[in-house]
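Open the model and keep the sequence beside it.

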Amino acid sequence: MADNITLYTYFRSSCSARVRIALHLKGLAFTPVYVNLLKGEQSSAEYKEINPSGTVPALVVERASAKPVTITQSLAALEYLDEAYPNTTSLLPSDPETRATVRSLVSILACDVQPVTNLKILKRVAPLGADREGWSRSLIEDGLRAYEAIAAKSAGKFSVGDKISLADVCLVPAAWGAERAGMDLEMYPVVKEIVRRLEEESAVKLGHWRNQEDTPEEFRVKQ
């Protein structure tokens, strides 16, 4: 019996995009369930039964060989997919030193960059009188500057060597978010080139925020 994988997702969520891209890279079929953040569907009692944090994504996996699991954080979901499906494309290097570099880059994106683009955070900043777009953009710049400095030493074709890693899976959605915030990736030439290469990958095209069933028509990729 094939595994049943369900991903609760939102087209513009960078955390959801990480998991979408990883599932496509690994060739794992999944059923998307769309949670509209602008309509507040993530805060419904029904959805909070699945993800008490009221965020996306949530990954639900029912396997014939293991107990069903619900994972409510994207990085935990990504590492689970690597561990649970070892015969698919691996997103973490085998040696601990290179793996640490990948995880360092992932942490920059997950801890320093993504939170300041989060709708929940931006809504809480607005009443303080801050320019939430400017505030968010300056912090994204700081994070990408740090990523650029590390990737300048570790990159090959991708962020760490010549294989797509967990860092790349997280980088592409972060770059999309930066561009939506009005940032020019020219300031980060290593990052820009890595993103350009990644966007040529079919898994990234399939996971792109403009290519989802819940993407509004005005944002969709025109065929």
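Axes here are lines fitted to C-alpha atoms, for helices over the stretch in contact, and angles run from 0 to 180 degrees between N-to-C directions. Helices (H or I, at least four residues) and strands (E, at least two) are DSSP runs, numbered from the N terminus. Two packed helices are described by the angle between their axes and the distance between the axes.

This is a predicted model: local features need pLDDT of at least 70, side-chain atom pairs count only at pLDDT 80 or more, and totals for chains, interfaces and linings use all residues. Residues are numbered from 1 along each chain as its sequence is written, and side-chain values use heavy atoms, with hydrogens and water left out.

Take the overall layout. The protein has nine helices and four strands. From the N terminus on, their order is β-α-β-α-β-β-α-α-α-α-α-α-α. Of the 223 residues, 43% are buried (under 20% relative accessible area; exposed is over 50%, partly exposed in between, with a 1.4 Å probe and protein chains only). Contact means heavy atoms within 4.5 Å. Among contacts between residues at least 6 apart in sequence, 62% join residues at least 24 apart.

Now find helix H1, residues 14-25, and helix H3, residues 74-84. Their axes come within 9 Å and cross at roughly 10°. H1 is therefore roughly parallel to H3 (angles under 35 degrees count as roughly parallel, over 145 as roughly antiparallel, 65 to 115 as roughly perpendicular and the rest as oblique). H1 contributes Cys15, Arg18, Val19, Ala22 and Leu23 to the contact, and H3 contributes Ser74, Leu75, Ala77, Leu78 and Leu81. By class, that is eight nonpolar, one polar and one charged residues. Ala, Val, Leu, Ile, Met, Phe, Trp, Tyr, Cys and Pro count as nonpolar, Asp, Glu, Lys and Arg as charged, and the others, Gly among them, as polar.

H1 also packs on helix H7, residues 166-180. Here the angle is about 140° and the axes are 8 Å apart. That makes H1 oblique to H7. On the H1 side, the contact uses Ser14, Ala17, Arg18, Ile21, Ala22 and Leu25. On the H7 side, it uses Val169, Cys170, Val172, Pro173 and Trp176. The residues of this contact divide into nine nonpolar, one polar and one charged.

How enclosed is H7? Of its 15 residues, 13 are buried, so H7 is largely enclosed by the rest of the structure. H7 reaches 22 Å from its first C-alpha to its last, close to the 21 Å expected at 1.5 Å a residue. The expected span is 1.5 Å times one less than the number of residues. Glycine 182 follows H7, with a positive phi near 85°.

Helix H4, residues 96-113, has 18 residues and spans 24 Å, close to the expected 26 Å. Its buried residues include Val102, Leu105, Val106 and Leu109.

Two loops deserve a look. Serine 90 lies between H3 and H4. At 32% relative accessibility, serine 90 counts as partly exposed. Leaving aside its neighbours within four places in sequence, serine 90 contacts Lys26, Asp82 and Ile164. Serine 90 and isoleucine 164 are 74 residues apart in sequence, with C-alpha atoms 8.5 Å apart. In the other loop, between helix H2 (45-50) and strand E3 (58-62), sits proline 57. A cis peptide bond joins valine 56 to proline 57, with omega about 5°. Most peptide bonds are trans.
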